[in-house]
Amino acid sequence: MLVTPFCIMLTCLQVHPDRSQFFRYDSVSLSCEDQLNSTGWKVKRKTPDGGVRACSSGWGDISSGSTCIIRNTYPTDTGVYWCESETEERSNAVNITITDRPVILESPALPVSEGASVTLRCKAETNPSDHMYDFHKDGHSTRSNCSGEMTIHSASESDEGLYTCSISGGGESAGSWLTVTASLSPSSSAPPAASTTFSTSRLLCHLLVGTPYLLSTILLGVIYRDKRRAAQMVADRKGRADVAMEIVV
């Protein structure tokens, strides 16, 4: 699954496995991934009573550095999670849902890039091969199959929305919001770069070829100007000499 380069920011909360819904008793790992330095960051969450608690203060265990593991999740672990530094800087926030329902929708925890391929999976807690799976977007049915997978081959803004899935027998997942962010694809940026390189090369070529001719032209102009000045000076001196001779005579 290709996700957006969302974590090019200094610090980003990553969820492993990469999904926003979990069954009761599942294990989930939350990591503060910093491009420069992950030390000094803690995973925090909002508590059901509206408070804020850091990992290992009543929930989760610190594994190493800025990684927090919830080994046996409960519905009370449902909430908003983020990374926070000692200076109270915050990363992106992620909504995580722990459910007692018989089915969950596995969708990316982070936004996905526009144009990326995204696979949503409908997962039944028991007997996964005995079900027909239905996917819904914003309350409307979008796909039905026996595989339990729905792939969006090229995500766009129109694919954003609230997704759910259900299984034959009446079980339905909680909703997960899929966010699609705009991104500059390498293919669209490559031609301008090539064009720029080509133009620069041609410019350098013209400069190398044309510079000698330009210098020659300037040099000839200077020589011609100096010759005219010299001729003028000779003519002036001759004129003054003629005048002096007439006076003497």
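Student: What do the side chains of R121 and E149 meet in?

Tutor: A salt bridge, with 3.2 Å from N to O. Keep in mind that this is a predicted model.

Student: Which strands do R121 and E149 lie in, and how many residues apart are they?

Tutor: R121 lies in strand β12 and E149 in strand β15, which covers residues 149-152.

Student: OK. How many salt bridges does the count come to?

Tutor: The count comes to 10. One of them is between K44 and E84, at 3.3 Å from N to O. K44 sits in strand β4 (residues 41-46) and E84 in strand β8 (residues 79-85), so this pair links distant parts of the chain, 40 residues apart.

Student: Are K44 and E84 buried or exposed?

Tutor: Both K44 and E84 are buried. Buried here means under 20% relative accessible area.

Student: What about K123 and E106, how far from N to O?

Tutor: The side chains of K123 and E106 meet in a salt bridge at 3.9 Å. The cut-off is within 4 Å, so the pair counts.

Student: Which residues are linked with K123 and E106 in a network?

Tutor: R19 and D26. Together with E106 and K123 they are linked in a network of salt bridges.

Student: Changing topic: the backbone. What kind of peptide bond joins H16 and P17?

Tutor: A cis peptide bond, with omega at about -5 degrees. P17 is in the loop between β1 (11-16) and β2 (21-23).

Student: What is phi of Y25 near?

Tutor: Phi of Y25 is near 80 degrees, which is a positive value in a residue other than glycine. Y25 is in the loop between β2 and β3, the latter covering 28-34.

Student: And D138, what is its phi near?

Tutor: Phi of D138 is near 55 degrees, again a positive value in a residue other than glycine. D138 is found in the loop between β13 (133-137) and β14 (140-145). With a relative accessible area of 41%, D138 is partly exposed.

Student: Zooming out, how many helices and strands are there in the secondary structure?

Tutor: The secondary structure comes to 1 helix and 18 strands.

Student: What percentage of the residues count as buried?

Tutor: Of the 249 residues, 34% count as buried. The accessible surface is about 15300 Å², and 57% of that belongs to carbon and sulfur atoms.

Student: Last one: what share of the contacts with a separation of 6 or more comes from residues 24 or more positions apart?

Tutor: Such residues account for 58% of those contacts.

Conventions
Residues are numbered from 1 along each chain as its sequence is written. This is a predicted model: local features need pLDDT of at least 70, side-chain atom pairs count only at pLDDT 80 or more; totals for chains, interfaces and linings use all residues. Side-chain values use heavy atoms; hydrogens and water are left out. Helices (H or I, at least four residues) and strands (E, at least two) are DSSP runs, numbered from the N terminus. Buried means under 20% relative accessible area, exposed over 50%, partly exposed in between (1.4 Å probe, protein chains only). Contact means heavy atoms within 4.5 Å. Accessible areas come from the Shrake-Rupley method with a 1.4 Å probe; for residues, only the protein chains shown count as cover.
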